[in-house]
Amino acid sequence: MSPTGLIAVSLLVPLAGSVVIALAGRWPNLREAVTLGTAAALFAAVVGLVPGVLAGARPQLFVLEMLPGIALGFRVEPLGMLFALVASGLWIVNSVYSIGYMRGNDEPHQTRFYVCFALALAATMGIAFAANLVTLFLFYEALTLVTYPLVTHHGDDEARSGGRTYLGFLLGTSIVLLLPAIIAVWAIAGTIEFTPGGLLRGAGLSNAELGLLLALFMFGIGKAALMPFHRWLPAAMVAPTPVSALLHAVAVVKAGVFAVVKVIVYVFGIDALAGVRAADWLPTVAGFTVLAASVVALRSDNLKRRLAYSTVSQLSYVVLSAALFLPLSIAAAALHIAAHAVGKITLFFAAGAIYTASHRTQVSQLDGIGRRMPWTMAAFSVAALSLIGIPPAAGFLSKWMMFQAAASAGHAVALAVLAASTLLNAAYFLPIVHAAFFRAPPVGDPAHGEAPWPIVVAVVFTAAATLALPFFAEVPLALARATAGLGAP
Amino acid sequence: MTFASHYSYWVTIVLMVAGLYIVIARGNLVKKLVGLSIFQTSVYLLYIAPGKLIGGTAPIVAEGFRVYSNPLPHVLILTAIVVGVATLALGLAIVVRVREAYGSIEEDEILAADRDGEGGA
Amino acid sequence: MTLAHLPALVVVVPLITAPVTLILRRPAAAWALATGACAFSFIAALLLVAEVAAHGTISYHMGSWAPPWGIEYRVDILNAFVLVLVSAVAAVAMPYAWRSVAAELPRDQVYLFYTMYCLCVAGLLGMTITGDAFNLFVFMEIASLSSYVLIALGRDRRALLAAFQYLILGTIGATFFVIGVGLLYLITGTLNLADMATRLVSVQGSRPELAALAFITVGVSLKLALFPLHLWLPNAYAYAPSVVTAFLAATATKVSVYVLLRFYFSIFGVQLVGGMLPMPEVLLGLSLIAIVTASLVALWQTDLKRLLAYSSVAQIGYITLGLSMVSRDGLTASVVHLFNHGITKGALFLLVGGIALRAGRPGFERLRGLGRSMPVTSLGIVIAGLSLIGVPGTAGFISKWYLVLGAIELGRWWLAAFVVATSLIAVAYVWRFVEAAYLSEPGGQTPAPGEPPPIMLIPAWLMVAACVYFGFDTSFSVGTARDAAALMLGVSP
């Protein structure tokens, strides 16, 4: 199939899948099979695009002209390719996990759940392959709306209020900040197509204007959880854990940082931003978010909340790295999107497994749980080490590249932040590992085993992927470097 | 420009304002309609009065008739009068129905009744 | 039937249908005739817009009397666009009306409803197409009088007072308008709009002209419910029969906006209105107040119909906001939002009417758990609600795009921020419905599960589909709006 056809397939398959899932709602096994089949088909289509993109091709698909001069169109470039690979690959695993979790916890509204998942993945593919800002915005908003039913899945008061925070922050930032920024780009440059080297290059913007526009974009992309617009992420923890895993690894947050990097590289252009004093605030804000979120994570007893703030922190790693405006740092940012995704999804899978097996949600309740759930906690430990940045796990590679980039730029603040946050990561992850394996379970604690087998399979798989990624890193690495315009190392 | 030469406009203004005042100041629905009619009548004057030229006759195409008064405003105002009559008739019909539904045609009493009750379904 | 007489027929057919339905008396026959008339007008409007797009402005002489002494019907791209909107909504609402009117009105009044409906359609179409100022007044009153009757036919007795209030205010508005027309006649000696435009150039800025402008502005603003002259709207929309609310919300105020656009730009001219007078500033201020206050009031309503009515006042504020920019993109925004809001509100009120059929007044307590008992209707309301917010992929987004673009091009960043910030209020009040329908347990007053009949659901969903369609394929809506804006500003398209 031609690359253009593959783009269309990767958008239509999850869409069509959602319809078939809805129709198959009455037969759970069939419905789950459809989900898995759709995910597999999507991954196959996305993988089919990789060789072409690595070779330098940029497949395109033009759908229609929405407004005079503004098209709904798609164009695959390395960063989008990487994002789509991560998203579609992890959807398969997440679906396996969901089957175990939703059935293990006897959750209601399972058909709606799987339908919204498929729609969310369709929106994610739209974001990954978007050729211009308006297409990106369309699918970005669609993702927010389609994940709302997932976040408010339980339908109780807590879900309702969590949903309000979620929607309020995400729609608020995108409508009030991102949309005017996009329209301003259109008014200034006459185009909103993503252009290598930056579409605003040559538009004659003053440094102050560039800085202001950058601020509108960075804060407008609320899914990147840059402080102070991060509150939606812990609020979304009211959702069932497969949703949190999706939000934190696969779709929503990665869509946010993906959009951030894409805007920096293809709208502004890193050469245009490097050395612009008015853009200096971005590493500072990102650095602050990294540290502040880590501190809050440290102080959170609720496991999912700790993981949520850890995600806020890790997302700002990507923003910080991108904000250095160097080719190497852009490549590091892109790679970290993949590395963090695999690591974080493992952690959330583990949290959900713990909840399903023992109904425990707080870190303080996890003493000795490693003895009862060895596979799960082993996977958790591996992923934690990856996020701290210990070799040979995936997180080490991207962090090392960030260190290199920051050092080469002589950016003391970035170096300090990276170092300090590594210590903080250790401080809030390692105690969990220690308590799980090296403390005895509380007296009178009811015995339980591992969670249902689909959950265990999923969590072990992603942990293994975290370990294996550095050994199979050529494709992600090549895509990351190609984003930055670097050749093979 | 003296008062006398433009007295038609002054009458128009007085009627217009008086009509509007009645509409606003009176709570009785029929009186409001009266005010509305007075207001509309002022407009008729506004159109017709300028149509009459001093020394003008009806437009007769014959010897000796040179200055014509404008017949067009008369035509326009006939239409406007019809519209006004239709509006008045409609308004009065609604007032009759209001009387049947509420037992009163005083605006404040009707609003009080609405505030107290849910209103008939 | 020759194409040449279409401009007249598009108005005459519904006009003649009205007394025929009066004579026929049978509900089924009345409905059938009315549907036929509206369908005809819709097809005629489509043909007219195609003709105008291809060959330019059409000038039709009523009774073959040449203007400026005879009455001229003049169709250019702006009013052809409005004709399509009005006739489309009128036609789509007819299948819906078959069940809705039968449920809400006593059987012996149904034929009278269709008489008034045809008169209203004829009046609105006539207002749009005519090129004669006094003829405009006559059609304005035909439309208004019939809409007073239509509103008064509502089930709730409060509809009577709402209709009376609208009658008083509407008549004052129409009378102000005719005073303005009278003053214009006094200065120019003609009633033909095109002729008036050329003759006004020599007396530009004179006191009678300014007085006429003022009277016409106030008169039309009463009809289009511009703040603070909007007080009749919430009650009228809330208590009227469902079809009437849907039809009027989608068309009546939009036609009044058209009249304002026509007078400001085609007759008085953009130099006077945009340059010499502070009209843009005044309209800007009133629009801003309308948007903010009406949106906030909408947020606190307990009844969905009233909420949507106040939302309409706010959305009209957006239309006049685009008008006040007096720029190419601003006027495009104004005209395209005229269309987009028409179809959005039409869809919403038709769907809410479906709820009213099953549950009575759609207060928020009755909407709890509606997502489960009426899933198709609820989904439709959500999608149309997203168009109201301006989410991309819906028609409302297109309007917001041009409004913000217009503001940015004028360098008014604060205005761009204002437009997007107020969209968040719309998010809040649409989300009230979402939370009630999907995240609340059904209360005692929620209707039993079951959708309204397909004959009501399909026209409503047709309009919902239009909301989404015109969010993607904007060649008709935006293309026509841009041409209309160019025409009004006197620049080449």
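# Three chains: folds and contacts

User: How many helices and strands does chain B have?

Analyst: Chain B has 4 helices and 0 strands. Helices (H or I, at least four residues) and strands (E, at least two) are DSSP runs numbered from the N terminus. This is a predicted model, in which local features need pLDDT of at least 70 and side-chain atom pairs count only at pLDDT 80 or more, while totals for chains, interfaces and linings use all residues. Residues are numbered from 1 along each chain as its sequence is written, and chains are lettered from A and ligands numbered from 1 in the order in which they are written.

User: Is chain B compact or spread out?

Analyst: The radius of gyration of chain B is 21 Å, well over the 14 Å that the globule rule gives for 121 residues, so chain B is more spread out than a compact globule. The radius is taken over C-alpha atoms, and the rule is 2.2 Å times the number of residues to the power 0.38. Along the principal axes, the C-alpha atoms of chain B fill a box of roughly 70 × 30 × 15 Å.

User: What percentage of chain B is buried?

Analyst: Buried residues are 24% of the 121 in chain B. A residue is buried if 20 or more other C-beta atoms lie within 10 Å of its own, exposed if 12 or fewer, and partly exposed in between, with C-beta atoms placed from the backbone.

User: And what are the figures for chain A?

Analyst: In chain A, 60% of the 489 residues are buried. The secondary structure of chain A is 20 helices and 2 strands. With a radius of gyration of 21 Å, close to the 23 Å from the globule rule for 489 residues, chain A is as compact as a globular protein of that length.

User: How do the strands of chain A pair?

Analyst: Strand 1 and strand 2 (residues 70-75) of chain A pair in the antiparallel sense over 6 bridges. Pairing requires that DSSP finds at least two bridges between two strands. L61(A) has F74(A) in strand 2 as its bridge partner. The hairpin has 2 residues between the strands, and G69(A) takes a positive phi near 90 degrees there.

User: Switching to interfaces. Which chains share the most contacts?

Analyst: Chains B and C, of the 2 pairs of chains in contact. Two residues are in contact if their C-beta atoms, placed from the backbone, lie within 7 Å. The contact takes 28 residues from chain B and 25 residues from chain C. On the chain B side, helix 3 gives the largest share, 13 residues. That side divides into 19 nonpolar, 6 polar and 3 charged residues. Here Ala, Val, Leu, Ile, Met, Phe, Trp, Tyr, Cys and Pro count as nonpolar, Asp, Glu, Lys and Arg as charged, and the others, Gly among them, as polar.

User: How many residues are in the contact of chain A with chain C?

Analyst: That contact takes 23 residues from chain A and 23 residues from chain C. Helix 6 of chain A gives the most to the chain A side, with 12 residues.

User: How far apart are chain A and chain B?

Analyst: They do not touch, and their nearest C-alpha atoms are 31 Å apart.

User: Last one: which residues of helix 12 of chain C are buried?

Analyst: L283(C), S287(C), A290(C), I291(C), A294(C), S295(C) and A298(C). Seen down the helix axis, the buried residues fall within an arc of 100 degrees (from the directions from the axis to the C-beta atoms), so they line one face of helix 12 of chain C. The face turned away from the buried side carries the exposed residues E281(C) and V282(C).
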